[in-house]
Amino acid sequence: MKKYIYNYQTVVGFNQPVSRHAILLRAQPEQGAYMNIEEEHLLLPPSFHIQRGTDQLGNRIVYGCEHEPHSSLVTVSTGIVSMSDYQVPLDAIPLMAYREPTPLTYLSQEQVEEALAEASSLGDSNLEKASHPLQTALSICHFVHETMSYVPDVTTSDTPVSELIKTHQGVCQDFAHLMISLCRLRGIPARYACGFMEGEGETHAWVEACDGHAWYGFDPTNDVEMKLGYVKLAHGRDASDCPVSRGIYMGNALQNTEVSVLLKEI
């Protein structure tokens with residue numbers, strides 16, 4: 001096993017005071033599975049009244065509210081985890097939930113045929129034929145990485161794969177959604193996962209594919225079958241199920257959010 005220190009920080013600023021500011025965070029590592037949490041801290045302003053729990057998919061959540069006027073909010077999630085190779089056991093959610101398309105991962109039959117034709121032109125015949133689920137998932141991971149270009153600010157959190165397949169541009173969330181869609185079309189249970197990747201930057205998104213016995217990680221943005229160096233926070237049918245941070249507030253203020261992530265082996 002290897003040990004990693006993680007630090008996730010968000011700084012939210014408003015151009016005028018806001019009140020009744022409610023937040024929901026999925027900002028702490030998943031307990032168990034391939035990771036052991038050796039130390040963790042979640043820091044919020046003392047005036048924020050928080051509660052802890054889990055969502056409908058079993059992800060850890062913290063939710064709370066600040067009623068008094070304020071102009072900024074800083075949250076920090078930090079700690080130390082030890083991890084083995086990425087493998088997540090099955091849970092109580094039926095696998096069928098991860099075989100069905102969602103609004104963000106739906107492709108029409110015409111778009112499916114176009115994707116297969118493109119795979120064939122790239123010499124990726126594995127995308128067209130059945131094999132072991134994880135081998136097929138890896139082939140799809142390669143295909144998505146080869147056909148998509150990483151371009152920030154051309155998509156939003158609500159951009160469906162039916163739009164991505166036209167432009168072939170997006171960020172890690174988009175790479176993950178396209179891979180999920182193609183896995184499901186091959187009958188492979190696949191779900192969206194988010195968390196931290198080794199290095200410095202922002203939060204990251206990847207895919208978990210199931211062989212019927214456990215979930216395994218694939219990162220189509222970086223064309224990686226995942227082993228070490230990823231801290232998982234949450235999973236869902238697509239990104240809409242498991243945002244890392246969400247908030248609402250009373251007021252007409254403009255909001256600016258800065259996010260920084262560090263994950264480093266120690």
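Author: Rings of Phe, Tyr and Trp (for Trp, its six-membered ring) are paired if their centres lie within 6.5 Å; planes under 30 degrees apart count as stacked, those over 60 as edge-to-face and the rest as tilted. The model is predicted: local features need pLDDT of at least 70, side-chain atom pairs count only at pLDDT 80 or more, and totals for chains, interfaces and linings use all residues. Residues are numbered from 1 along each chain as its sequence is written, and side-chain values use heavy atoms, with hydrogens and water left out.

Let us begin with the rings. Y34, Y86, W206 and Y230 form one aromatic cluster. The structure as a whole holds eight aromatic pairs. In one of these, the ring centres of Y86 and W206 are 6.4 Å apart and the planes stand at 85°, so the pair is edge-to-face. This pair links distant parts of the chain, 120 residues apart: Y86 belongs to the loop between β5 (70-83) and β6 (88-89), and W206 to strand β11 (residues 204-210). The labels follow DSSP runs numbered from the N terminus: helices are runs of H or I with at least four residues, and strands are runs of E with at least two. Both Y86 and W206 are buried. Here buried means under 20% relative accessible area, exposed means over 50%, and partly exposed lies in between (1.4 Å probe, protein chains only).

A charge sits over a ring if NZ of Lys or CZ of Arg is within 6 Å of the ring centre and within 35 degrees of the ring normal. R191 has its charged end over the ring of W215, 4.0 Å from the centre. R191 also lies over the face of Y98, at 5.5 Å from that ring's centre.

Side chains of opposite charge can pair when their charged atoms come close. A salt bridge is counted when a side-chain nitrogen of Lys or Arg is within 4 Å of a carboxyl oxygen of Asp or Glu. By this rule there are nine salt bridges. R191 forms one of them with D91, with the closest N and O atoms 3.4 Å apart. These two residues link distant parts of the chain, being 100 residues apart: R191 is in strand β9 (residues 190-197), whereas D91 is in the loop between β6 and α1 (109-121). R191 counts as buried because its relative accessible area is 0%. D91 has a value of 34% and is therefore partly exposed.

R191 also forms a salt bridge with E208, in which the closest N and O atoms are 2.6 Å apart. Because R191 lies in strand β9 and E208 in strand β11, this pair ties together parts that are 17 residues apart in sequence. Like R191, E208 is buried.

Another salt bridge joins the side chains of R237 and D241, at 2.8 Å from N to O. R237 is partly exposed, because its relative accessible area is 37%. D241 is buried, because its relative accessible area is 8%. Salt bridges that share partners join E30, D91, R191, E208 and K232 into one network.

R26 lies in the loop between β1 and β2. With 7% relative accessibility, R26 is therefore classed as buried. A polar atom of the R26 side chain lies 3.0 Å from the backbone oxygen of P243. This is a polar contact, which is a pair of N or O atoms within 3.5 Å; within protein, one must be able to donate a hydrogen and the other to accept it, and residues adjacent in sequence count only if both atoms are side-chain atoms.

Finally, one more arginine deserves attention for its backbone. Most residues other than glycine have a negative phi. R20 has a positive phi, near 45°, although it is not a glycine. R20 is found in strand β1 (residues 2-25). At 55% relative accessible area, R20 is therefore exposed.
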